[in-house]
Amino acid sequence: MSAKVAVVTGSNKGIGFAIVRGLCKRFDGVVYLTSRDEERGKTAVAELNKEGLSPNYHQLDVTDKKSLENFRDYIKSKYDGIDVLVNNAAIAFKGSSREPVNVQAEQTLFVNYFSLVSTCEILFPIIKNGGRVVNLSSSCGHLSRIPNEELRNKLKSPTLTVEELSELMQQYIDAAKQGTHSAMWGNSSYVVSKVGVSALTKIQQRMLNDRDIKVNAVHPGYVDTDMTSHRGPLTIDQGASAPLFLALDAPDTVKGEYVWYTSKIVNWDGAMPDETY
């Protein structure tokens, strides 16, 4: 019987690092800390080793299909597959960033949405039946963040496909290049990318129902990380709480959901919850 395997993308720091820490403490199997930069990843592993924890390490750049395929082949050669996949890797431009909106749109959507699509296309075939996938979204990923009602209806359509969603995400990038994005999409590429993650989660769950794989999106809270310029009030371990709940503790009936940092299921296409961390 092969060991159980948990994988966290982009986990050399921040919330991903804390998710690895939590998994190492509680997951009955092998935990992989992964990162684009091998040196930073190994430094993170050494930090956890000092705490008496023993994650495994593998280089993984979610923006590089060859890196994803290498990682998939490595896992296939050593184990039966993956039991828990936490898709954490993401970027966000600072509010003070001077890059033009078209550059921010293209780069943010490439990492946060399109690279997540390719990560899942490459790794889903080796997720075991009964497995769990946790997609890190955000309060910015709530559908109410999209100002246009017709667009919101498209994004929440129960028949929306990955191809159609990707086409909508590309339409945003094209509109940003033309400066015509605001009325339909609003002014944040990060919002669009994370709404894309939340919508993708719903589609993926429909696609994987016959394999007994649970896919959920989670808003981890406003956390003290590099991404928030350390303005978030929550610690990284508090930010890891809801992702760990979905990875380890949530009932099997929780699938295709959008979960708040309190571990409460939230209506993705309803009103925004009052708690806004």
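Val8 in strand β1 (residues 5-8) stands opposite Val86 in β4. This is a predicted model, where local features need pLDDT of at least 70, side-chain atom pairs count only at pLDDT 80 or more, and totals for chains, interfaces and linings use all residues. Residues are numbered from 1 along each chain as its sequence is written, and side-chain values use heavy atoms, leaving out hydrogens and water.

Strands here are DSSP runs of E with at least two residues, and helices are runs of H or I with at least four, numbered from the N terminus. Two strands pair if DSSP finds at least two bridges between them. Strand β4 (residues 82-87) has 6 of its 6 residues buried, meaning under 20% relative accessible area with a 1.4 Å probe, protein chains only.

Now for the whole protein: it has 9 helices and 8 strands. Its radius of gyration is 18 Å, close to the 19 Å of the globule rule for 277 residues, so the protein is as compact as a globular protein of that length. That radius is taken over C-alpha atoms, and the rule is 2.2 Å times the number of residues to the power 0.38. The C-alpha trace spans about 50 × 40 × 40 Å along its principal axes. Buried residues make up 53% of the 277 residues.

Note on methods. Buried means under 20% relative accessible area, exposed over 50%, partly exposed in between (1.4 Å probe, protein chains only).
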